[in-house]
Amino acid sequence: MQPQPLEVARFGKDRFTGLFNMWLAQTRDRATTVSYDTWMDLRYMQGLRTSVALTMGTFVFDLRHGVVYEVKSRGRAPRIFRVQLDDDFPYVSFRDPANAIDFPWITFPNVFTQAELMTLRRVY
């Protein structure tokens with residue numbers, strides 16, 4: 001039986017700082033010396049290819065760790081982003097392929113509109 005999709009708006013506040021707190025603990029314990037974004041990049045590359053089903057309003061969509069997606073909205077260039085999951089909680093990092101830049105990691109909730117998510121497509 002498939003698990004029920006998770007409602008994006010219902011993630012608890014503690015989930016928004018989960019990976020940051022893990023990085024802080026590893027920094028404090030001297031298990032890592034890299035910056036938070038470098039640590040997140042390493043985690044992204046090494047993470048398991050897990051996926052999660054989410055809902056935003058009535059729209060249901062899936063996100064997969066390690067995949068690059070694109071969304072479109074009227075009057076704006078397509079936004080390309082990569083996804084990593086902390087269990088079922090998504091983080092995204094926007095990508096500027098024209099300049100070969102990956103921007104810092106942010107938490108997923110409240111980043112996209114439902115209309116944008118309806119255009120969600122996997123890039124690679």
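Which residues of the largest nonpolar core touch the most other members? Keep that question in mind while the tour begins with the whole chain, and select the residues as they are named.

**The whole chain**

This is a predicted model, in which local features need pLDDT of at least 70 and side-chain atom pairs count only at pLDDT 80 or more, while totals for chains, interfaces and linings use all residues. Residues are numbered from 1 along each chain as its sequence is written, and side-chain values use heavy atoms, with hydrogens and water left out.

Show the chain as a cartoon, and its secondary structure comes to three helices and nine strands; here helices (H or I, at least four residues) and strands (E, at least two) are DSSP runs, numbered from the N terminus. Followed from the N terminus, the elements run β-α-α-β-β-β-β-β-β-β-α-β. The chain has a radius of gyration of 15 Å, close to the 14 Å that the globule rule gives for 124 residues, so it is as compact as a globular protein of that length; the radius is taken over C-alpha atoms, and the rule is 2.2 Å times the number of residues to the power 0.38. Turned along its principal axes, the C-alpha trace spans about 45 × 40 × 25 Å. Of the 124 residues, 35% count as buried, where buried means under 20% relative accessible area, exposed over 50%, and partly exposed in between (1.4 Å probe, protein chains only).

**The core**

Now select Leu63, Phe81, Phe108 and Phe112, which touch the most other members among the 29 residues of the largest nonpolar core. Such a core is a set of buried Ala, Val, Leu, Ile, Met, Phe, Trp, Tyr and Cys residues joined through side-chain atoms within 4.5 Å. The elements that give two or more residues to this core are helix H1 (18-28), helix H2 (36-46), S2, S3, strand S4 (68-73), strand S5 (76-86) and strand S6 (89-96). In soluble globular proteins, nonpolar side chains tend to be buried together.

Centre the view on Phe108, which, not counting residues up to four places away in sequence, touches Val8, Phe61, Leu63, Pro90, Tyr91, Val92 and Leu117; contact means heavy atoms within 4.5 Å.

**The open sheet**

Next select S1, S2 and S3, three strands that form an open sheet in the order S1-S2-S3 with mixed pairing; two strands pair if DSSP finds at least two bridges between them. Strand S1 (6-7) and strand S3 (59-64) stand at the edges, each with a single partner strand, so one side of each is left without a neighbour in the sheet.

S1 pairs with strand S2 (residues 51-56) in the parallel sense over two bridges, and Leu54 in S2 is the bridge partner of Leu6. S2 and S3, by contrast, run antiparallel and are joined by six bridges, with Val60 in S3 as the bridge partner of Thr55. In the hairpin of these strands, which has two residues between them, look for Gly57, whose positive phi is near 65°.

Move to H2 and select its buried residues, Tyr36, Trp39, Met40 and Tyr44. They cover an arc of only 140° around the axis, which puts them on the same side of H2; the arc is that of the directions from the helix axis to the C-beta atoms. These buried residues pack against H1, S4, S5 and S6, whereas the face turned away from them carries the exposed residues Met45 and Gln46.

Then select Arg82, which lies in strand S5 and is buried, with a relative accessible area of 5%. Its side chain makes a polar contact with the side chain of Asp41 (2.7 Å); a polar contact is a pair of N or O atoms within 3.5 Å, where, within protein, one must be able to donate a hydrogen and the other to accept it, and residues adjacent in sequence count only if both atoms are side-chain atoms.

**Two loop residues**

Finish with Asp87, in the loop between S5 and S6, where phi is near 60°, a positive value in a residue other than glycine. Asp87 is exposed, with a relative accessible area of 66%. Asn110, in the loop between strand S8 (106-107) and helix H3 (114-117), has a positive phi of about 70° although it is not a glycine, and counts as exposed at 75% relative accessibility.
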